[in-house]
Amino acid sequence: MTATRVLVLNSGSSSVKYQLLDMRDSARLAVGLVERIGEETSRLVHTPLTGGGAKRERTGPIADHDAALKAVAEELTQDGLGLDSPELAAIGHRVVHGGLKFTEPTVITDEVMAEIERLVPVAPLHNPANITGIRTAQALRPDLAQVAVFDTAFHTTMPEYAARYAIDVETADRHRIRRYGFHGTSHAYVSRRTAALLGRAPEDVNVIVLHLGNGASASAVAGGRCVDTSMGLTPLEGLVMGTRSGDIDPAVTFHLKRVAGMSEDDVDVLLNKKSGLVGLCGDNDMREIRRRIDEGDERARLAFEIYVHRLKKYIGAYYAVLGRVDAVAFTAGVGENAAPVREAAIAGLEELGLVVDADLNAVRSDEPRIVSPRGARVAVAVVPTDEELEIAQQTFALVGETLA
């Protein structure tokens, strides 16, 4: 029997998202989420997508990631999809930071794990959780190929002049300070799907991808290769996000320490968890912000205007970087569902060939689609992202040949 299934694991600090896919036709066999790991109120939601099974939920303490993955294995076994199945080809892990060394999906070895651990100082919130998930999965299936797919890998094609900050080179190199970029699996997937939507090959298309969720990032993709992206050393830089500030004068941090007496941890929490939309208006849900705007809430309106203004700046900047733009693609929760954001971000850019058709933009759909008028010089597209499928495809492409 040929092994064609891939389990995708996205391990966070207190959660595990997972999907099991059959790569013969990219069909999802099961999806699920374990959240609040380590708390009394832990919760596992599992949905089998074959055989007519119903969604199942269990609540109660799940002590750690080891217990969480064992619970996931139990749920999959109940559906006849257990981790011991000979049809399971590999486990693909989302790893947020791969630095400069990992430019493509990589089979996990002791040496690879050591390098991921060395990158913890530049990804202290993410890489430790990814490492925990990998080790737990290895303990459950030590005989199975485990593959790391890195958020940063797609952005390693940026030229040095785009990736480097203008600080002392020796200091930057010693401490690995440069723009790495994140959401790479999403940007890779969406840029390719956008090219397909246009009926063209990825290498013939220049795309500005706007991944707008609670975390948000933009990328300039020239012929399938990233040449610039908005997130930097960490996911804090760039666009206004749900709780993160995005671009800010670095001296603000010094000012807050001197004038407000804030510690480094205080500033970290402020910029990562109490800024962005939630800092501006108290909400990070775009639906709620739009509802408040409709009711005349000026604070919500200003937050929306700041959010859109930053988007416009990046669209314009990346248009200049690319020189020729074939499409602007919106994706992720806000990008896919918030028509007012798309309309406002494109408004006023007619001279760049960017226009949104109001009727097309208002249509809700789970399918990739063009929302610019027929004949527009630059297509405006809505392309639902699928990071799990991208991870599964990259994982299977790496290990599949050895299993055939």
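The tour visits a nonpolar core and then some salt bridges.

This is a predicted model, in which local features need pLDDT of at least 70, side-chain atom pairs count only at pLDDT 80 or more, and totals for chains, interfaces and linings use all residues. Residues are numbered from 1 along each chain as its sequence is written, and side-chain values use heavy atoms, with hydrogens and water left out.

Select I208, L210, L212, M286, Y307, V341 and L354. Of the 44 residues in the largest nonpolar core, these touch the most other members. Such a core is a set of buried Ala, Val, Leu, Ile, Met, Phe, Trp, Tyr and Cys residues joined through side-chain atoms within 4.5 Å. Buried means under 20% relative accessible area, exposed over 50%, and partly exposed in between (1.4 Å probe, protein chains only).

Next, select D386 and R28. Their side chains form a salt bridge (2.4 Å, N to O), a term for a side-chain nitrogen of Lys or Arg within 4 Å of a carboxyl oxygen of Asp or Glu. D386 is buried at 13% relative accessibility, whereas R28 is partly exposed at 26%.

Move to D297 and R292, another salt bridge, with the closest N and O atoms 2.9 Å apart. D297 is partly exposed at 24%, and R292 is buried at 12%.

Finally, select R56, R58, E74, E75 and D79, which salt bridges with shared partners join into one network.
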